[in-house]
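This report is intended for a reader new to the structure. Please look at the sequence and the model before reading on.

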Number of protein chains: 4
Amino acid sequence: MKLSSALSMLDAALAEAKRLELQVCVTILDAAAWPMAFARMEGVPLGVIDVSRKKARTAILFHMDSADFAVLGRPDGEAYTLENTNDGLTSFGGGILLRNTDGTVLGSIGVSGAATPDDIAIARVAARTLADI
Amino acid sequence: MKLSSALSMLDAALAEAKRLELQVCVTILDAAAWPMAFARMEGVPLGVIDVSRKKARTAILFHMDSADFAVLGRPDGEAYTLENTNDGLTSFGGGILLRNTDGTVLGSIGVSGAATPDDIAIARVAARTLADI
Amino acid sequence: MKLSSALSMLDAALAEAKRLELQVCVTILDAAAWPMAFARMEGVPLGVIDVSRKKARTAILFHMDSADFAVLGRPDGEAYTLENTNDGLTSFGGGILLRNTDGTVLGSIGVSGAATPDDIAIARVAARTLADI
Amino acid sequence: MKLSSALSMLDAALAEAKRLELQVCVTILDAAAWPMAFARMEGVPLGVIDVSRKKARTAILFHMDSADFAVLGRPDGEAYTLENTNDGLTSFGGGILLRNTDGTVLGSIGVSGAATPDDIAIARVAARTLADI
């Protein structure tokens, strides 16, 4: 993933959050889970910074959206405690895996700060800009 | 446990995973929970590295397979939160305790990356090479 | 500091690095040392991510540019080992303290990836956009 | 870098150490600093495990051998405290950057446990197997 693509996603996420009158943090990671871009909107509680990071981290480390990961890692899931690995993962939505049109994993985006369905919606709007390129 | 034994186990685990057309990470720890050998197959999501380590760690730290640990360390288990000790343990299978023929604890092996029953099967094939020596 | 100001600084730093045909990471922190914005250009070695963060952190935590901090926090400086506090600080240039026209501390910017004088120059170009607002 | 290449390097390093009647740990990381393979010989003090890891980490995170990094990160180097970033780096030899014949960065190898010149020599013997492939 190029930095220009990451910055376009960042812009799209921030614009969508603004349109919905919500405040979020956005973290974009590359395919090896290293940070590419990050932004925090005014008014977001500080703990949300790490939540956006962990959502993105969960998605890229296990090649699935964090909402899907949530099914596995819970007490009644087939891999209870999986959420305790890798310095703690995130068992709720807002972390989205980014793939190329040919299926190659490109990285992930994590959005946090609003209600979970809104976080997911914002992340999806951002991810779509990647497909447009 | 000798390094040669650990490397034989590693080879056996990788060969069995390849035979089953699966991709896994394999961690082998000594009786004091320190790493002896590790390998990661291509195509395994990066989060799995730490899962294989934690499975092996769970087995050696409590002298039981991680599948047995899973019965204890979960919300309805008799030692709920035990899984949160030691920087986080693993309440599902794939970590196997390694003993000598006389019962002496030698170390542990952790396999992760496939479905849990496959991870367990691969770890068992590897552990068997140890008994053969 | 507003997010719009942080993003303008980020853009200015990336544009200046591009103009100089250099690759850098840029971290912008608020007055309480929490991250506001970050970007990593392609081709930057991964260790540089944390260096840009630590440069910005050094500047905001001690209210001085990291180049000035370097005089204090080194074996022959008057506060040797100060660089070991706060999980490790950075005794070389590229972290710049950001102040309002009235002297109020707004945050800091850390640039890393090029030679130290270039990192400093890029950080200064970025910081100037803040004064223009 | 393929796992087969990493395992060949591991074997070569262990064989060379054995030939020299030395005991070492060997860590092999991919281009994004994630572990690919590891082995520890009998008789190596346990602290050496992390040293081999940090040597390899230093090489890949800054795209240079850890012996070259040592010149930068020392008190009289141009980037004093650089060794404090990324959870602590290693300012002495034994971590070697691995490149493809076309210069592409493939990963790194870290060898530790013997005297530094021997660690370097063993790492170089191992790295050469990569070029042979």
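This is a predicted model: local features need pLDDT of at least 70, side-chain atom pairs count only at pLDDT 80 or more; totals for chains, interfaces and linings use all residues.

Residues are numbered from 1 along each chain as its sequence is written, and side-chain values use heavy atoms, without hydrogens and water.

**Interface of chains C and D**

| Item | Value |
|---|---|
| Residues of chain C in contact with chain D | 18 residues |
| Residues of chain D in contact with chain C | 15 residues |
| Area buried between chain C and chain D | about 1200 Å² |
| Salt bridges between chain C and chain D | zero salt bridges |
| Polar contacts between chain C and chain D | six residue pairs |

Contact means heavy atoms within 4.5 Å. Of the buried area, 60% lies on carbon and sulfur atoms. Helix H2 (residues 47–62) of chain C gives the most to the side of chain C that touches chain D, with five residues. By class, that side of chain C has eight nonpolar, six polar and four charged residues.

**Strands S3 and S4 of chain C**

Because four of the five residues of strand S3 (residues 95–99) of chain C are buried (under 20% relative accessible area, 1.4 Å probe), S3(C) is largely enclosed by the rest of the structure. S3(C) runs antiparallel to strand S4 (residues 105–112) of chain C, and five bridges join them. C:Leu97 has C:Ser108 in S4(C) as its bridge partner. The two strands, S3(C) and S4(C), form a hairpin with five residues between them. In the turn, C:Gly103 has a positive phi of about 95°.

Terms used: Chains are lettered from A and ligands numbered from 1 in the order in which they are written. Buried area is the accessible area (1.4 Å probe) that two parts lose on being put together, summed over both. A salt bridge is a side-chain nitrogen of Lys or Arg within 4 Å of a carboxyl oxygen of Asp or Glu. A polar contact is a pair of N or O atoms within 3.5 Å; within protein, one must be able to donate a hydrogen and the other to accept it, and residues adjacent in sequence count only if both atoms are side-chain atoms. Ala, Val, Leu, Ile, Met, Phe, Trp, Tyr, Cys and Pro count as nonpolar, Asp, Glu, Lys and Arg as charged, and the others, Gly among them, as polar. Buried means under 20% relative accessible area, exposed over 50%, partly exposed in between (1.4 Å probe, protein chains only). Two strands pair if DSSP finds at least two bridges between them.
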